[in-house]
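Thanks for coming. I will walk through one structure today, and I will keep it short. Please look at the screen while I talk.

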Amino acid sequence: MADVTAHYQELLAEVYSWLAGGADARIAENRAFFAANGIAPRGCANAVDLGCGPGFQSIPLAEAGFAVTAIDLSAELLAELKTHGGGLNIITVQDDLLNFAAHVPARLELAVCMGDTLTHLAGFGDVERLLREVHGRLEPGGKLVLTFRNLTPETPYADRFIPLRSDENMVFSCFLEFEGDHAIVHDLLYTRGAAGWELKKSFYKKLRISPSWVMLVLESIPFRTASLREERGLATIIAEK
Ligand SMILES: C[S@@+](CC[C@H](N)C(=O)[O-])C[C@H]1O[C@@H](n2cnc3c(N)ncnc32)[C@H](O)[C@@H]1O
């Protein structure tokens, strides 16, 4: 089975920004999200972006005045972040986000784990450990922002074939299988080559995380406040220490 690192290396990283609708659009969207939710430096201004990808969150956070440590396993996506975020206060680290504490300053004002990164973790124990360790590093009043897809409802039959993006040269779709605590995501990428259409395929596991379970964990740690919003299967949680 392809693990997460291999999946991004072999298939997803090279088309990630295209698939997301372009880096500029996603950076602008997150700039608006942070502004609308009052996320701007007020304390030590240290932030960590857990599973930063090409920097769709790191870049607007650094523009807003945070000193960002951006952590990801994918060398390709970190290279993209460096290209887009040149000149901004962002340190990139290629490592497992579960090791974040080794790479960040003693105190953080903000931790973000957005764009469905949380579901890439191997198990619920890892999610819980991450949330506890983030709480341990946040300063009082510091915030944690999570956005992830709620994969707990099982998508039925043909609805598990999901067209994601296409243009005249590439067609990207995925197929979901459900196995207990995991969804198996099969990504299918057709690219137009000299000899016709070529198919690249690869799969990886995503954790089926219930947003209400995350809220219970945050409460038990305890974060002082936490809010949950769910829209079209995408959960957004903002918690404050
Ligand atoms: C769906 S992307 C989200 C990227 C970005 N936050 C966004 O909103 O577009 C998930 C990212 O998490 C990274 N990732 C997955 N598991 C990871 C881990 N254990 N440690 C570090 N990065 C990880 C992947 O390489 C990928 O860049």
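I start with the ligand. By class, the shell around the ligand holds eleven nonpolar, seven polar and three charged residues. In total 21 residues surround the ligand, and the closest are G51, G53, L97, G115 and H120. Two elements give two or more residues to this shell, namely α1 and β2, the latter covering 67-72.

Before going further, a word on what you are looking at. This is a predicted model. The average pLDDT of the protein is 97, and 99% of the residues score at least 70. Confidence is lowest in α1, with a mean of 93, and highest in β1, at 99.

Now the overall layout. The domain assignment gives two domains: domain 1 is 4-151 + 210-240, and domain 2 is 157-206. Their C-alpha centres are 25 Å apart. How many residues of domain 1 are in contact with domain 2? Eleven, and they meet eleven residues of domain 2. On the domain 1 side, the elements giving two or more residues are α1, at 4-12, and α2, at 16-19. The most comes from α1, with five residues. That side of domain 1 divides into seven nonpolar residues, three polar and one charged.

Next, the core. As a general point, nonpolar side chains in soluble globular proteins tend to be buried together. In this model the largest nonpolar core has 54 residues. The members that touch the most other members are A47, V48, L50, V68, A111 and L146. Take L50 as an example. Leaving out residues up to four places away in sequence, L50 touches I71, L97, F100, A111, V112, C113 and T117. One of those, L97, is also among the closest residues to the ligand, and another, A111, is also one of the core members with the most contacts.

Is D187 buried or exposed? D187 is buried, because 21 other C-beta atoms lie within 10 Å. Beyond residues up to four places away in sequence, D187 touches L11, L12, C174, K201, S202 and F203. For F203, the separation along the chain is 16 residues, and the C-alpha atoms are 5.9 Å apart.

Strand β5 gives us a pair to look at, G141 and G142. G142 counts as buried because it has 23 other C-beta atoms within 10 Å. G141, with 11 other C-beta atoms within 10 Å, is therefore exposed. So what do they touch, once residues up to four places away in sequence are set aside? For G142 the list is G43, L108, E109, L110 and K241. For G141 it is G43, E240 and K241. Both lists include G43 and K241. As for distances, G141 and E109 are 32 residues apart along the chain, with 7.6 Å between their C-alpha atoms. G142 and F223 are 81 residues apart in sequence and 9.8 Å apart in space, C-alpha to C-alpha.

Last, some backbone details in the loops. Which peptide bond is cis? The one from I221 to P222, with omega near 0 degrees. P222 sits in the loop between α7, at 211-220, and β10, at 225-231.

A45 is in the loop between α3, at 23-36, and β1, at 46-50. A45 counts as partly exposed because it has 18 C-beta neighbours inside 10 Å. Y157 is in the loop between β5, at 138-149, and β6, at 161-166. With 6 other C-beta atoms within 10 Å, Y157 is therefore exposed.

To recap: the model has two domains, 21 residues around the ligand and a largest nonpolar core of 54 residues. That is what I have for today.

Key: Residues are numbered from 1 along each chain as its sequence is written. This is a predicted model: local features need pLDDT of at least 70, side-chain atom pairs count only at pLDDT 80 or more; totals for chains, interfaces and linings use all residues. Domain bounds come from an automatic or database domain assignment. Two residues are in contact if their C-beta atoms, placed from the backbone, lie within 7 Å. Helices (H or I, at least four residues) and strands (E, at least two) are DSSP runs, numbered from the N terminus. Ala, Val, Leu, Ile, Met, Phe, Trp, Tyr, Cys and Pro count as nonpolar, Asp, Glu, Lys and Arg as charged, and the others, Gly among them, as polar. A residue is near a molecule or strand if its C-beta atom, placed from the backbone, lies within 6 Å of it. A nonpolar core is a set of buried Ala, Val, Leu, Ile, Met, Phe, Trp, Tyr and Cys residues joined through C-beta atoms within 7 Å. A residue is buried if 20 or more other C-beta atoms lie within 10 Å of its own, exposed if 12 or fewer, and partly exposed in between; C-beta atoms are placed from the backbone. pLDDT is the predictor's confidence in each residue, from 0 to 100.
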